[in-house]
Amino acid sequence: MALWVDILISAFLVIGGVFGIVGSFGLVKLQDQMQRLHAPTKATTLGVGGVLIASMLYFGLVQNSLSFHELLITLFLFLTAPITANFIAKAILAKSLKPEDLPDSGRPHGWSVYDDPPKTDAQDLDGGMPGIEDEGRGG
Amino acid sequence: MLKRLIPHPILSLVLLAVWLGLVNKITLGNVLLGSFLGLVVPAITAPYWPNQPKVGRPLVVVQYILIVIWDIIVANVQVAMIVLFKPNAKIQSKWVTIPLELTSPEAITVLAGTITLTPGTVTAALSADGGALLVHCLHTEDENAVRDGIKARYEGRLMEIFQ
Amino acid sequence: MIYMDYALMFAMACFGLGLLANLWRIARGPDNPDRILALDTMVINVIALLVLYGVQRGTEIYYEAAMLVAMVGFVSTVAYSRFILRGDIIE
């Protein structure tokens, strides 16, 4: 193996490893729940991204069997990371925070975790369940 | 007729590419099977996609993707620096409200995902009527600057793409 | 392969320590959303470890495993968050 290939793959591996440990370390170090959400969702995507690029380079340049699997995993992680982060943020909003802790939305309706969306005609079309919704309002 | 047969040409191409990536070998049989999936899956799932988003300006799309990738790398370094070297007491986290000019759900989804992936910000919620985003900022001194930055850097380009 | 073996070792050690940190956060809590976040990070670290192991062994057979772990991890995180949000997974 050429030396530059060796160094290139090693560099990506080291970068990936460093970002991976920083993400998990942030999870332990930061104090606030919402702050903790930042470290893993960002640092680990680049951490895994670096490792996957290194692996792609290794199989492409050293073993001469170019593969696209890693690209798929990277793409999948980059598409799903915002969604999981958003869901966890919503869980934190619903569980640990109150509407008073948040800034005003500047709109006639509040944030979607606490407030119901405005009623439109479209809801009747897509077969919304009126019985269940009324129950929610009443309680 | 062609539109009935291929309701989502881009989705069909993406499915073919994903299939080829999964089997990891480009042969005639795999291309045929991938094309078959690319034709059948959009046809079956068409009722779930009533409104097809209009995506224009391919050059702006490419520019947007490159900007986001660059920002992800910068964001990772910044967040790593904050996590490693800033004492907890000095980290000023703030909530930022971003009023939206975008209206299509796809555009708002892309904007929310971009905000989560880039510099120290996480999208937490959408207002109930879909007119504003609630964003949590890991460390900032001026929340107005964050809001204006996001609006100028991402939302303006998305407005161009999804018009 | 002079530097790559060391780099592999280093990266594996990093992600292994990351797993330990996540485990600490799961045990400590203090709240359920923290545990979901820690489990999600754990899934990402396991994906990285699987890929690294595949590189070390020089085989591509671990990619299917990594892919499946990524998908199952995503679905389970969303399901768990939804359960906390609504008290129900399927509405």
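**Close-up views of the predicted model**

**View 1. The two domains of chain B.** In this predicted model, the C-alpha centres of domain 1 of chain B and domain 2 of chain B lie 33 Å apart. Domain 1 covers residues 2-48 and domain 2 covers residues 58-161, with bounds that come from an automatic or database domain assignment. Residues are numbered from 1 along each chain as its sequence is written, and chains are lettered from A in the order in which they are written. Because the model is predicted, local features need pLDDT of at least 70 and side-chain atom pairs count only at pLDDT 80 or more, whereas totals for chains, interfaces and linings use all residues.

**View 2. Strand S3 of chain B and its two partners.** All 6 of the 6 residues of strand S3 (residues 132-137) of chain B are buried, so this strand is largely enclosed by the rest of the structure (buried: 20 or more other C-beta atoms within 10 Å of the residue's own, with C-beta atoms placed from the backbone; strand: a DSSP run of E, at least two residues). In a regular strand the side chains alternate between the two faces of the sheet. Here Ala132(B), Leu134(B) and His136(B) point one way from S3(B), while Leu133(B), Val135(B) and Cys137(B) point the other way. S3(B) pairs in the antiparallel sense with strand S1 (residues 94-99) of chain B over 6 bridges, and with strand S2 (residues 121-126) of chain B, also antiparallel, over 5 bridges (strands pair if DSSP finds at least two bridges between them). Val135(B) is the bridge partner of Val96(B), and Cys137(B) that of Thr121(B). S2(B) and S3(B) form a hairpin with 5 residues between them, and Gly130(B) in the turn has a positive phi of about 75°.

**View 3. The largest nonpolar core.** This core has 86 residues, of which Val51(A), Ile88(A), Leu111(B), Val135(B), Ile47(C), Ala48(C) and Val51(C) touch the most other members (a nonpolar core is a set of buried Ala, Val, Leu, Ile, Met, Phe, Trp, Tyr and Cys residues joined through C-beta atoms within 7 Å). Helix H2 (residues 32-57) of chain C gives the most to this core, with 12 residues (helix: a DSSP run of H or I, at least four residues). Leaving aside its neighbours within four places in sequence, Val51(C) is in contact with Val51(A), Leu52(A), Ser55(A), Tyr62(C) and Ala66(C) (contact: C-beta atoms, placed from the backbone, within 7 Å).

**View 4. The side of chain C that touches chain A.** Between these chains, 45 residues of chain C are in contact with 46 residues of chain A. H2(C) provides the largest share of the chain C side, 16 residues.

How values were computed: A residue is buried if 20 or more other C-beta atoms lie within 10 Å of its own, exposed if 12 or fewer, and partly exposed in between; C-beta atoms are placed from the backbone. Two residues are in contact if their C-beta atoms, placed from the backbone, lie within 7 Å.
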